[in-house]
Amino acid sequence: MALLQRGVFEYREFKGGPNYGYGAQLNAASQYSVYMTASWMKENISDRGPLGDLYRVWGDGKQMVKGDIMDYFGLSGHTNDELKKMGYIVWMPVQEKGSWLGEGDDPTFMNMLDNGLRA
């Protein structure tokens with residue numbers, strides 16, 4: 001971690017850990033890729049009660065904001081080209097239904113929480 005402090009502003013850079021953001025499965029190291037499969041997600045997340053049911057995975061039928069042309073993750077059975085023809089901006093290739101979706105903004109948000117451990 002690199003840390004630069006100027007006045008009240010801080011810059012933090014994290015390297016070397018696994019990436020669990022959007023698109024992580026595209027470049028995941030083999031030791032981490034198992035956690036992004038549909039079977040692992042079903043067994044360990046999706047089928048684990050009410051909270052697991054709320055967690056988004058590929059092809060789950062959910063959309064955060066109705067009509068959001070960037071959020072096609074809930075759809076299943078469509079190719080990238082079909083989604084584009086439907087009006088979606090396909091910025092990440094379609095993945096297996098039920099597989100890891102991503103944690104998009106978590107790394108940004110988590111560093112805003114002061115836990116006393118310098119993240």
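**Reading the packing and the surface**

Q: Which residues is Leu-83 in contact with, once its neighbours within four places in sequence are left aside?

A: In this predicted model, and with those sequence neighbours set aside, Leu-83 is in contact with Tyr-72, Leu-75, His-78, Tyr-88, Val-90 and Val-94.

Q: Which residues make up the largest nonpolar core?

A: In soluble globular proteins, nonpolar side chains tend to be buried together. Here the largest nonpolar core has 8 residues, and Leu-83 belongs to it together with Trp-58, Tyr-72, Phe-73, Tyr-88, Val-90, Met-92 and Leu-101. Another core, of 5 residues, lies apart from it, and includes Ala-24, Met-36, Met-41 and Val-57.

Q: How many helices and strands does the chain have, and in what order do the elements run?

A: The secondary structure comes to 6 helices and 2 strands, and from the N terminus the order is β-β-α-α-α-α-α-α. Of the contacts between residues at least 6 apart in sequence, 44% join residues at least 24 apart, while 22% of the 119 residues count as buried.

Q: Which residues make the nonpolar surface patch?

A: The patch, of about 460 Å², is made by Tyr-22, Ile-69, Met-70, Ile-89 and Trp-91. Among these, Ile-69 is placed in the loop between α4 (49–54) and α5 (80–85).

Q: Why does Ile-69 count as partly exposed?

A: Partly exposed residues lie between the buried limit, under 20% relative accessible area, and the exposed limit, over 50%; Ile-69 therefore counts as partly exposed, because its relative accessibility is 41%.

Definitions and conventions:
Residues numbered from 1 in each chain as written. Predicted model: local features only at pLDDT ≥ 70, side-chain atom pairs only at ≥ 80, totals over all residues. Heavy atoms only, no water. Core = buried A, V, L, I, M, F, W, Y, C linked by side-chain atoms within 4.5 Å. Buried < 20%, exposed > 50% of the residue type's maximum accessible area, 1.4 Å probe, protein only. Contact = heavy atoms within 4.5 Å. Patch = residues over 30% accessible without salt bridge, like charges linked within 9 Å, V, L, I, M, F, W, Y side chains within 5 Å. Areas by Shrake-Rupley, 256 points an atom, 1.4 Å probe, with all protein chains shown as cover. Salt bridge = Lys/Arg side-chain N within 4 Å of Asp/Glu carboxyl O. Helix = DSSP H or I, 4+ residues; strand = E, 2+ residues; numbered from the N terminus.
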